Amino acid sequence: YNWSGRMATKRVARLDEVSAWRQGKIVFRSRRLWEVLQELQNYHRVKLALLDKELWNSRFTGTFNSHDLNEILEAIKVAFSLSSEIAPDGTVVLMSKK
């Protein structure tokens, strides 16, 4: 169920992904970029914003040290040709390189 109490989209549970936290890892397997960013926000208590809405549904795959947000964000930036900056409110803003 999601936060509104409604049934969320069903996904097949992959045990390697679900149990990765036990080894200090986080696994994204063909996940939509907006889902990846949302999970990172929840895990790291940080605000993330993706300005290029066309990339929201792009797929991202990788296995990372779950405690190294910078490593994960760098991989996302390389994969999607993004740059980042910190907004005055502390939000990490991801945008297409110009």
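Trainee: So two strands count as paired if DSSP finds at least two bridges between them; which residue of E5 stands opposite Leu48?

Mentor: Leu48 stands opposite Val92, and strand E2 (residues 48–50) pairs with E5 in the parallel sense over three bridges. Strands (E, at least two residues) and helices (H or I, at least four) are DSSP runs numbered from the N terminus. Bear in mind that this is a predicted model, in which local features need pLDDT of at least 70 and side-chain atom pairs count only at pLDDT 80 or more, while totals for chains, interfaces and linings use all residues. Residues are numbered from 1 along each chain as its sequence is written, and side-chain values use heavy atoms, with hydrogens and water left out.

Trainee: And how does E4 run against E5?

Mentor: Strand E4 (residues 82–86) and E5 run antiparallel, joined by five bridges, and Ser83 has Met95 as its bridge partner in E5. Their hairpin has five residues between the strands, and there Gly90 takes a positive phi near 95 degrees.

Trainee: Why is E5 largely enclosed?

Mentor: Four of the five residues of E5 (residues 92–96) are buried, so the rest of the structure largely encloses that strand; buried means under 20% relative accessible area, with a 1.4 Å probe and protein chains only.

Trainee: Switching to aromatics, how many pairs are there?

Mentor: A search of the whole structure finds three. One of them is Phe28 with Phe60, whose ring centres lie 6.2 Å apart with planes at 50 degrees, so the pair is tilted. Rings of Phe, Tyr and Trp (its six-membered ring) pair if their centres lie within 6.5 Å, and planes under 30 degrees apart count as stacked, over 60 as edge-to-face and the rest as tilted.

Trainee: Are those two buried or exposed?

Mentor: Both Phe28 and Phe60 are buried.

Technical notes: Buried means under 20% relative accessible area, exposed over 50%, partly exposed in between (1.4 Å probe, protein chains only). Two strands pair if DSSP finds at least two bridges between them.
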